[in-house]
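Q: I'm new to this one and would like to go through it slowly. Could you take my questions as they come?

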Amino acid sequence: MRAIGLVALHVFRDSVRDKVLYAVVAFAVLLIGASYLISQLTAGQDLKIIKDLGLAAMSLFGLFIAVFIGIGLIAKEIERRSIYAVLVKPVRRHEFIIGKYLGLVGTLAVNLGVMSVAYYAVLAYVGQTMSESALQAVPAPPADPRLLVAIALIGLELALVTAVALFCSTFSSNALTSAGLTVGLYIAGQFGADLKNFEQVIESPVAGAVGRGLYYLLPNFAAFDVKAQVVHGLPIESGYLAVTAAYGLAYVTVLVVASVMVFSRRDFK
Amino acid sequence: MTSSSGSGGRLPAARGAAAIFLLIGVIVTLQVVREHRFASAEPAAQVLYLSSPAVLTRAALSFDAIVADAYWIRAIQYYGRARLLRNVNARYDLLFPLLDLTTALDPQFTVAYRFGAFFLSERAPGGAGRPDLAIRLLEKAMAARPDRWEYPHDVGFVYYRQGDYVKAAEWFTRAAQVPGATNWLIPLAAVTLATGGDIRSSRLLWNNILSSSEEPWLRRTAEQRLRQLDTVEMIQQLEQVTADYERRHGRPPADWEELVGDGSLRGIPRDAAGHQFVLNPWWGAVTVTEDSPMWPLPADNPR
């Protein structure tokens, strides 16, 4: 466990040095600047748009961090040949992989936390500038605590993207290939509904069955997207959240275990 | 290359800052010169590169809400630009596709549906004059949120504007049947059926919209329409005065001063925004000046 913690801490420190936090600052500035500008353009929809923009920015920034740091976790170590220096140390391969994964997830969690603070600060400011009648007109209050549900699911989605990136980088030595595979799986994972209903648009039952099979096998990233519902103040069933969280955690576990298995058998000679 | 400053090849900070300021000055100057010397071309007609909601919702991945916001901003800019320019030939051809895309990306976007209902159904030059598209958008809204009374109410509003008071009353009644609906829908349906199209029922409709809406653009629209109704009432009274004058003198009044001198009016009449009315000396018709915020009066003026 100690070895895992040390690797995770190393990844976290390395990520921070990778100027990830600059992205967070850029995010906050973008959000604050945009909130002023867009309020002039949106015919009273500034609060909705600030909420949408904030959640989309968290998701997008997080995605970049997860993919581009995630693929570097292993692939860059192999490319730079620094993996040899690590493997001669008293760290077992599974500890190395799990530590790497937890380190990046920790970095993402800290980033998401800082972005959430900036997000709520902007929303609280906007809320203070709104009139009583305008506040009554919106479907959900500005600094709505229910937004945390969407943020938590974004976090879980990013944890899954990181696991995908980690898995891809264990069997591919090239960072670009790993990035392409991860982004490809992320995009494919947004089309779950289309894959599920594939048999309705094609005549071949085999292709339909393949589509349906892929729907169940590929990570369904669309399931983590509740941003619109939360912004509109619509209820989200706790059962849905529990099942989605369990799905995410199960998929992450599968990918980390698979990464450990691939990495353990990999010959770096 | 060797540095003359002797600072190891680095540009001194003060000189660097001065160079940056100087270059920014050059950039701004070039921008100003280009604007003055070369008249900017008329912006090309607006184009909607992606017009399929199905394609766009897929292309947006999990960022559909923010893409919907972008299309919403584009829709109101598209509509607002023509209104600000007071373009009487505006056709608003892209208004429906833009709102259709917005609501496909975010089916809960209430304001987009209601904005569309109001301005797609309004006759030119204030709107697109396409009540069919307004109703199509509202049908989509009702499918997404059957629990909201505002959408069937807005369908009734569209029929009201078309002068189909029976259907309007039918939809107001249907809106009243939605659980949690406001209590003025049943009286509105009754008044619409009985006296649809007169100023009293129009005033009731807009007053209800004003009192029940929290959306700023809708409140502003309702306030404007109520002031326009005041103006329409004033025009009707003034045309009565000019008709009386013509009966007495055998010709319409040449200008307002004649009516004031005649004792028919106490002063030069002004519309609800304080602008002098325009009197047509040939047939005594009264209208608002194009400079007035009341212009253009809605084409679907009540009787």
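A: Gladly, and a definition comes before anything else: domain bounds here come from an automatic or database domain assignment. On that basis chain B is assigned domain 1 (53–223) and domain 2 (232–287), and the centres of domain 1 of chain B and domain 2 of chain B, taken over C-alpha atoms, are separated by 36 Å. This is a predicted model, in which local features need pLDDT of at least 70 and side-chain atom pairs count only at pLDDT 80 or more, while totals for chains, interfaces and linings use all residues. Residues are numbered from 1 along each chain as its sequence is written, and chains are lettered from A and ligands numbered from 1 in the order in which they are written.

Q: What pLDDT does chain B average?
A: The average for chain B is 82, and 88% of the residues score at least 70, where pLDDT is the predictor's confidence in each residue, from 0 to 100. Over residues 1–7 of chain B the pLDDT is below 50, and beyond near neighbours in sequence this stretch has 4 contacts in the model; two residues are in contact if their C-beta atoms, placed from the backbone, lie within 7 Å.

Q: And which helices of chain B have the lowest and highest confidence?
A: The lowest is helix α9 (residues 185–195) of chain B, at a mean of 79, and the highest is helix α6 (residues 131–144) of chain B, at 95. Helices (H or I, at least four residues) and strands (E, at least two) are DSSP runs, numbered from the N terminus.

Q: What about chain A, where is confidence lowest there?
A: In chain A the lowest is helix α2 (residues 20–38) of chain A, at a mean of 68, whereas α8(A) is highest, at 93. Chain A averages a pLDDT of 84, with 92% of the residues scoring at least 70.

Q: How many helices and strands does chain A have?
A: Chain A has 13 helices and 0 strands, and its C-alpha atoms fill a box of roughly 70 × 55 × 30 Å, taken along the principal axes. Of the 269 residues in chain A, 41% are buried; a residue is buried if 20 or more other C-beta atoms lie within 10 Å of its own, exposed if 12 or fewer, and partly exposed in between, with C-beta atoms placed from the backbone. Among contacts in chain A between residues at least 6 apart in sequence, 80% join residues at least 24 apart.

Q: Back to α8(A), how many residues does helix α8 of chain A have?
A: Helix α8 (residues 147–171) of chain A has 25 residues and reaches 37 Å from its first C-alpha to its last, close to the 36 Å expected at 1.5 Å a residue; the expected span is 1.5 Å times one less than the number of residues. Because 21 of the 25 residues of α8(A) are buried, this helix is largely enclosed by the rest of the structure.

Q: Which residues have the most contacts inside the largest nonpolar core?
A: They are A:Ala163, B:Leu95 and B:Leu137, in a core of 130 residues, where a nonpolar core is a set of buried Ala, Val, Leu, Ile, Met, Phe, Trp, Tyr and Cys residues joined through C-beta atoms within 7 Å. The most to this core, 16 residues, is given by α8(A). Leaving aside its neighbours within four places in sequence, A:Ala163 is in contact with A:Tyr101, A:Val252, A:Leu255 and A:Val256.

Q: Changing topic, how many residues does each chain bring to the contact?
A: Chain A brings 24 residues and chain B brings 19 residues. On the side of chain A that touches chain B, the largest share, 5 residues, comes from α3(A).

Q: Is A:Ser238 buried or exposed?
A: A:Ser238 counts as exposed because it has 9 C-beta neighbours inside 10 Å, and A:Ser238 is found in helix α13 (residues 238–265) of chain A.

Q: Last one, what is the phi of B:Leu61?
A: Phi of B:Leu61 is near 50°, a positive value in a residue other than glycine. B:Leu61 is placed in the loop between α2 (53–59) and α3 (64–84) of chain B, and with 19 C-beta neighbours inside 10 Å, B:Leu61 counts as partly exposed.
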